[in-house]
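Here are a few exercises on side-chain packing. Open up the structure, try each task by eye, then check yourself against the worked solution.

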Amino acid sequence: MIARLLSAPLLLAVLAVAMGSGIDALVKATAPGAGVMVLVAWRFLFGAMIATTVFLVQRRAWPKREAVLFHIMRSLMQVASAILLFYALTQLALAETVLIGFTAALMVPFAAWLILGEAVSPRAFGLTLLGFAGAAFAVSATPEGAVGAHRLLGIASILASAMLYAVVLVLLRLRAVKEDATTIALFTNGVPALCLSPFLFGLAGPVNVNDLPVFALLGAIGYAVWYLLTLAYARARAQLLAPLEYTALIWAALIGFVFFDEVPGWRVAVGAVLIVAACLGVAFESHFATRRETGQPVSDLPD
């Protein structure tokens, strides 16, 4: 049965997205009491323990100094993005946070323009405006349910998190072709754990030992999500799997309703349609452009 599961990339991707939504829900439930910085520090510590174990078991070679410095810079941006995301989860509805987080995909072309010098097409620019219009419409009314007292700060935090995550994705492209996923995962978890180590020892107050199992679960699920997505994208085309990531909206809405009494309004639904449409348009733009140039159908083009 496990072998059959690992050979079904669509199922792997859906499972990974569902588990990712579970992480968001655990953070939303735990962070107000534990503290955002404490939660992030312990989450990455347990993730680093798992990543280090896998790295040693697979006997991966230690990367060169240039790569180490690169991964440190990338991981610092990633931990900043995570802190902002976790804070936003304490202030906004779950579905609302996930929805605005999707704007990271709209920022990738502009991050690639700044870092890699890639041109931003008028189509991508227009789709980005559409997506952000959807985000603005979605947050134009406060949804029913458990939201924090600093809503505007939460919105700013998730937008900043999405911007940093877009930069991280572009930077990851620079090394993904040179290094294996195990090495990348080691730095992704290890560097944040080291940077946030003071919070492990009481910088933000004493740690409640009752929270440690939740922190360990967050680290384990976080690594599992990465592993399942790696397996899925190794077995199926990115074109096929990318739309499945938007099922996170469904999971977020269901979890928010059942566990947090959150009811996304109709504005969130309309905003979701606009943002998802814009994100898919940006994601597939290069394939359609290549189709026009080669005369081949999109399904025959390489990823």
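**Exercise 1.** The charged end of R43 sits over which ring?

*Solution.* Keep in mind that this is a predicted model. Start at R43: its charged end sits over the ring of F44, 4.5 Å from the ring centre. Now look for a lysine doing this kind of thing: K28 lies over the face of F260, at 5.7 Å from the ring centre. A charge counts here if NZ of Lys or CZ of Arg is within 6 Å of the ring centre and within 35 degrees of the ring normal.

**Exercise 2.** Take the pair F102 and Y246, and work out how the rings meet and what the pair ties together.

*Solution.* Step one is background: searching the whole structure turns up nine aromatic pairs. One of them is F55 with W62, an edge-to-face pair at 6.3 Å centre to centre with 90° between the planes. F55 is buried at 7% relative accessibility, while W62 is exposed at 57%.

Step two is the geometry of F102 and Y246: they're edge-to-face, 4.8 Å centre to centre, with 65° between the planes. Planes over 60 degrees apart count as edge-to-face, so 65° qualifies.

Step three is where they sit. F102 is in the loop between α5 (94–101) and α6 (104–116), and Y246 is in the loop between α12 (238–241) and α13 (248–260), so the pair ties together parts 144 residues apart in sequence.

Step four is burial. F102 has a relative accessible area of 14% and is buried; Y246 is buried too, with 14%.

**Exercise 3.** Which residues touch the most other members of the largest nonpolar core?

*Solution.* The general idea first: nonpolar side chains in soluble globular proteins tend to be buried together. The largest nonpolar core here has 57 residues, and V27 and F102 touch the most other members. Zoom in on V27: leaving out residues up to four places away in sequence, it touches P32, L39, F86, L89 and L218. There's also a second, separate core of 11 residues, with M107, A111, A112 and A166 among them.

**Exercise 4.** How many disulfides does the count come to?

*Solution.* The test is a pair of cysteine sulfur atoms within 2.5 Å. By that rule, you get zero disulfides. While you're on cysteines, compare C195 and C279: C195 is partly exposed, at 40% relative accessible area, whereas C279 is buried, at 1%.

Definitions and conventions. Residues numbered from 1 in each chain as written. Predicted model: local features only at pLDDT ≥ 70, side-chain atom pairs only at ≥ 80, totals over all residues. Heavy atoms only, no water. Core = buried A, V, L, I, M, F, W, Y, C linked by side-chain atoms within 4.5 Å. Buried < 20%, exposed > 50% of the residue type's maximum accessible area, 1.4 Å probe, protein only. Contact = heavy atoms within 4.5 Å. Phe/Tyr/Trp six-rings, centres within 6.5 Å; stacked < 30°, edge-to-face > 60°. Helix = DSSP H or I, 4+ residues; strand = E, 2+ residues; numbered from the N terminus.
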